[in-house]
Amino acid sequence: MNDITSTALIELAIDLTSSLGTVERYDRLLDTVRKTIPCEAVALLALRGDQLKPLALQGLSKDTLGRRFLLSEHPRFAQICDSKTVVRFASDSELPDPYDGLLIDREGDLPVHACMGLPLYFADRLLGILTLDSLTANVFDQIPRWTLEMVAAIAAATLNTALMIEQLQQQASHNQQLMVDLTEQARCRDGGEIIGDSPVMLQLQQEIAIAASADVTVLVCGETGVGKELVVRNLHQKSALRSGPLVYVNCAALAENLIESELFGHVKGAFTGAEQARAGKFLLADNGTLFLDEIGELPLAAQSKLLRALQSGEIQPLGQDAVQHVKVRIIAATNRDLIQEVQDGRFRADLYHRLSVYPITVPSLRERGEDIALLVGYFLEQNRRKIGLEQLKIHTEALADLSRYDWPGNVRELEHIISRSALKARARSDSSQWVVIERQDCGLLSSDRAVSTAKGAPVAPPQAVAVDTSLREATDNFQHQLIVQALRDSNGNWAQAARVLKVDRANLARIAKRLSITQIKLLLD
Ligand SMILES: Nc1ncnc2c1ncn2[C@@H]1O[C@H](COP(=O)(O)OP(=O)(O)OP(=O)(O)O)[C@@H](O)[C@H]1O
Ligand SMILES: [Mg+2]
């Protein structure tokens, strides 16, 4: 009767490997212990420094769970903790019993009773104790020692597993919180704010507020460097899903054969090399936002799979039969002219319509010249902090130059020019603390742009520019040269030339028109 049964042992061992919740795991342990060893009360306590904290109990009043037992005040507990093996207290022991008045079946002091404690060691570390109390005196005396040691070993393993899981969960939730905090900090510190108070930017802010408050799919369009990603981050932060994740996917960087697994995940062994199951971006973004950047670069085959997921709200990881439901808000961004892409057969019309429920176009910097001074100030302050200067300013003439330029690379180009000019100005400056950016530090604006041709060879900057050439003229000449070369390399394909030059097709057509590059056939002759 008092010998532990092999069935009980197997039950305990199975519990250890199953994915039970912590509370359930403890309860099952105590149930099995009680089935094996009849007693009125059993309790599992964890050692936390110099005190014991009850984790689970049966037969004792619920408030016992809230008590903390200091070892120095409870000699019975201290004795169990000091022992390497089971401690059976004499029924008439004089030592005060910590459970006096706490037994459910009995009001008031405990009479003569049987009491024992098992220290729970795992890898030589004392994790806690298991206590058993019975109102029948001496009832524990006949239980073989090996049975008790077996119970202690299993209880210790159970406790260790539960503590480890708890620790991992705490760590995971800490990491999650840390990530949320860092994202928030990064957003505030490193340019979460959309700078600009021109009418078009005020309009944009309004659009963001409207789209954020509705749970609709948003398509953010605009030339390269206008701040599409910034807009998406703001949208997420202002939406009801702000406490959920914002998961970024760069569609242009996805390897074609891995797109499906990246987006929807896969189970272990779904394909050669899938050694571990992996959650796709859709699942990671559950209850949050999935940001599909550069959506225009997604190959047609992947477009149809994405469309299916958007239509059904369900995903199917590779190699898995069952579908999973996800609640994800989609925001896509592109610098391509998607309507043109649809017309050219490179983008599915149905996907385009699904994505552009709420389209937002971020205006180019040319359309908001009055914002240049604000942006310059913003980037000056960022650079001042980064370089560690007391003051970083820009000369009015240099600012005037910047205001006249037409910014094919938009805000990103401006940001880079200010960073570069700040470094040049500091190197030239007498004072290491007060630095002023002059015209010469900004250089010939467009000549610094790293533009590649369709074949990947960089276009050479203009060789010599006459000293009396105005900045505007020199810039125009250079742009003319780049565009003609890109068109030649693309065999007159405007969309391809626009991609090479990293500008919107419509924008390229506009600049070309201004520069009178219309007779492309003649140019190609
Ligand atoms: N209105 C703005 N206020 C402050 N910073 C801005 C603004 N717009 C853009 N930026 C900054 O300019 C840089 C480029 O912006 P972003 O990456 O959002 O452009 P993008 O439109 O996504 O470009 P691409 O099409 O090349 O991906 C970033 O460093 C961003 O913080
Ligand atoms: Mg971007």
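**Rings, charges and a ligand shell**

Lys 84 sits over the face of Tyr 121, 4.2 Å from the ring centre (NZ of Lys or CZ of Arg within 6 Å of the ring centre and within 35 degrees of the ring normal). Arg 76 does likewise with Phe 89, at 5.0 Å. This is a predicted model, where local features need pLDDT of at least 70, side-chain atom pairs count only at pLDDT 80 or more, and totals for chains, interfaces and linings use all residues. Residues are numbered from 1 along each chain as its sequence is written, chains are lettered from A and ligands numbered from 1 in the order written, and side-chain values use heavy atoms, leaving out hydrogens and water.

**Aromatic pairs**
- There are 7 aromatic pairs (Phe, Tyr or Trp ring centres within 6.5 Å, using the six-membered ring of Trp; planes under 30 degrees apart are stacked, over 60 edge-to-face, the rest tilted).
- Phe 69 and Tyr 99 pair edge-to-face, 6.4 Å centre to centre with 80 degrees between the planes.
- Both Phe 69 and Tyr 99 are buried (under 20% relative accessible area, 1.4 Å probe, protein chains only).
- Ring pairs join Phe 69, Phe 77 and Tyr 99 in a cluster.

**Ligand 1**
- Around ligand 1 there are 19 residues, with Thr 224, Gly 225, Lys 228, Arg 412 and Glu 415 the closest (a heavy atom within 4 Å).
- A side-chain N or O atom of Lys 228 is 2.5 Å from a ligand 1 oxygen atom.
- For Asn 335, a polar side-chain atom lies 3.5 Å from an oxygen atom of ligand 1.

Key
Polar contact = N/O pair within 3.5 Å; in protein donor to acceptor, adjacent residues only side chain to side chain. Buried < 20%, exposed > 50% of the residue type's maximum accessible area, 1.4 Å probe, protein only.
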